[in-house]
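Subject: Model handover and findings

Hello,

Here is the model for you to look over. Please open it alongside the notes below.

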Amino acid sequence: MSDADCAPSPTAVDPSVPPSTEATADPAGVPFAALDPRLLREQRTSLKWTRFAPDVLPLFVAEMDFAIAPEIQRAMIERVQASDLGYVDGAGALAPAFTAFALDRWGWHVPDEHVHLATDVATAVVEALRVGRPAGGRLAISTPAYPGFFEMLEEVPFEVVEVPLTGDAGAGTDAPGCATSGSAVLAPPVRLDLAAIERAFASDPGIDAFILCNPHNPHGLVHTQADLAELARLAAAYDVFVVSDEIHAPLTFPGARFTPFAPLAAEAGALSVSTLSASKGWNLAGAKCAVLVAADASANELLRRLPPETVTRVSILGLHANAAAFTAGREWLDRAIAQVQANVALLTDLVSRRLPGVRLVAPEAGYLVWLDLRGAGLGSNPYSRILHDARVALNDGAAFGAGGAGYARINVACAPQTIHAAVDRIASILPPFDGGASPETRSPNLDLEESR
C-alpha cells in the first residue's frame, strides 16, 4: 500500500475559510458525497457500521464520518513500512508532542516526565483509580454523564454516587456555533452543582474519588475556571482524588475557553491526574493510545506505580498517530471544529423548524449534541421510538445516569446531508403539528436507503 492509496481526495480545502453547511468537502478534503452512509457502511468495519441493521442511520457512537488527517495517515503508513509494530516501552515522541500542544492551546505547562501511557482513556481512568485509591470506596460523578463511566467502574471496588448537574439560571443561552442563540429550541445551560458536591464530600462516610468530565459529555459543557478552581479546593479540603477525563478538550469551539484541571489541582493541593487522547479530536478511537498526566510531583509518583502492562498494551501505531495529531494535525483539527460548529448550527435550525417539542443543549466543545425529547410526544422512551420507527440510532439518555431519561445524544461529525436525513426521519414520526399548521417542506437529504 502506498501513500497515494490512503491519500484524501484532491479536492482542496482552504484552512483560512471556515467550512459551512454549504461546504462540499470534509476537513481532509473528501467530498461530502463520499460520506454517504451507504458508502461508508461498505468501506468501514467499526461498530458504528455493524451494530445496527443496514437501514438504520447510525448517529450514536463517538466516531466521526470525516476522513482522518493525511498527516496522521502518513505517520501510520511509515511505521508499517518500517515494520515498526512491536511493543511500546514508554511515551517516547508522544510526550513532547502532547506537552507542546497543551502549552500552545491551553497554556498548560506539563513536564514531559509527567506524561504516562494507557491503552485508552477508559483504561486510564480505571488504572488511575487502582493506584490512587486501591481500597476503593465511594466515587462521585456529575450526571448525566458518559455511560462508559458506569461500565468501566464495574472493574473497580467503588460505590458510585451520582451528583446531578444543576441549572445555571444566571447564564445566557449564547454558545459558540449556535446560529439561533436565544431561541426556545435551546435548553437552559447547566453547570457543576458545587454545593451538592460539597455535601457529598462532607457526608459520612464521605467520598474517596471524583471523576470529572472536562469538557462534560454529553452536554459539550466547558466548565468555567472558577467552577474548576472551587472543585479543586473542595477536593483538597476533603482529600478526594480527582481523575479528569479531558478527551474532548481539543475539540473546544472558538469563543469558549478550556481550562485544564491539573494546574488548579496542583495549586490547591488536591491529588489529581488527567487523561487525554487524540482519539476524539482526530477520529482515532481504534488506534488505542492515551496519555495519563500527573498534576504535580505527588501525582507523578502515584502514576509511577502503574503496572508495566499499562504501557505495553498501548498500540505503537496509536502512539505515532497521536504524536502526529498533536504536531502536524492541528490545521485539520481546526477545520473539523469549524465544520462541527456549522453542523451544530444546522441541526439547531432544523430542530427549531422541523421537530416541535424538541430542544437541544448548545455545546461548547465536541461533536455530540444533547437532545431533550421529553416534549416531542414520543412517549417515555423516545430513543426506542426513534430507533425502531424512524430508523435513526442515537444514544439513549437513560444510560447517562440521573437526569438523562427522555433525552438522547446525537453525533453531528458527518456530512450536513446526513443531518438533514436524520431530521427528516425523526420528523416523519412526530405527532401532528398543533393548531393544524402544515409542516414545512422537507429539507433535501442524502439518497439514503428506505427507512423501513
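The notes start with the whole chain and then go through selected parts.

**Basis.** This is a predicted model, in which local features need a pLDDT of at least 70, side-chain atom pairs count only at pLDDT 80 or more, and totals for chains, interfaces and linings use all residues. Numbering starts from 1 along each chain as its sequence is written, and side-chain values use heavy atoms, with hydrogens and water left out.

**Confidence.** pLDDT is the predictor's confidence in each residue, from 0 to 100. The chain averages 90, and 87% of the residues score at least 70. Residues 169–182 stay under 50. In the model that stretch has 28 contacts beyond four places in sequence; a contact means heavy atoms within 4.5 Å. Residues 435–452 are also below 50 in pLDDT, with 44 contacts beyond near neighbours in sequence.

**Whole chain.** The chain holds 16 helices and 15 strands. These are DSSP runs numbered from the N terminus: helices are H or I with at least four residues, strands are E with at least two. Of the 452 residues, 57% count as buried. Buried means under 20% relative accessible area, exposed over 50%, and partly exposed in between (1.4 Å probe, protein chains only). Among contacts with a separation of 6 or more, 74% come from residues 24 or more positions apart.

**The four-stranded sheet.** Four strands form an open sheet in the order S11-S12-S15-S14, with antiparallel pairing. Its edge strands are S11 (359–361) and S14, each of which pairs on one side only. Two strands pair if DSSP finds at least two bridges between them. S12 (residues 368–372) is joined to S15 by five bridges. Leucine 368 stands opposite asparagine 411 in S15. On S14 (residues 395–396), two bridges make the antiparallel pairing with S15. There, aspartate 396 has alanine 408 as its bridge partner.

How is S15 placed relative to the rest of the structure? Five of the five residues of S15 (residues 407–411) are buried, so the strand is largely enclosed. Both faces are covered. Tyr407, Arg409 and Asn411 lie on one side, with Ala408 and Ile410 on the other.

**Aromatics.** There are 13 aromatic pairs in the structure. Rings of Phe, Tyr and Trp (its six-membered ring) pair if their centres lie within 6.5 Å; planes under 30 degrees apart count as stacked, over 60 as edge-to-face and the rest as tilted. Phenylalanine 52 and phenylalanine 60 have ring centres 5.0 Å apart and planes at 85°, so they pair edge-to-face. Phenylalanine 52 is partly exposed at 22% relative accessibility. Phenylalanine 60 is buried at 6%.

Phenylalanine 98 and tryptophan 108 also pair edge-to-face, because their centres are 6.0 Å apart and their planes at 90°. Phenylalanine 98 lies in helix H5 (residues 94–106), and tryptophan 108 in the loop between H5 and strand S2 (115–118), so the pair ties together parts ten residues apart in sequence. Both residues are buried.

**Helix H4.** H4 (residues 70–81) has twelve residues. From first C-alpha to last, H4 reaches 16 Å, close to the 16 Å expected at 1.5 Å a residue; the expected span is 1.5 Å times one less than the number of residues. Pro70, Ile72, Gln73, Ala75 and Ile77 are buried in H4. Serine 83 follows H4 and has a positive phi, near 55°.

**Serine 244.** Serine 244 sits in strand S8 (residues 241–245). Serine 244 is buried, at 0% relative accessibility. Which residues does serine 244 touch, not counting those up to four places away in sequence? They are Leu212, Asn214, Phe261, Val273, Ser274 and Thr275. A polar contact of 2.7 Å joins the side chains of serine 244 and glutamate 246. Such a contact is a pair of N or O atoms within 3.5 Å; within protein, one must be able to donate a hydrogen and the other to accept it, and residues adjacent in sequence count only if both atoms are side-chain atoms.

**Alanine 297.** Alanine 297 is in helix H11 (residues 297–303). Its relative accessible area is 52%, so alanine 297 is exposed. Alanine 297 and histidine 114 are 183 residues apart in sequence, yet 8.0 Å apart in space, C-alpha to C-alpha.

Best wishes
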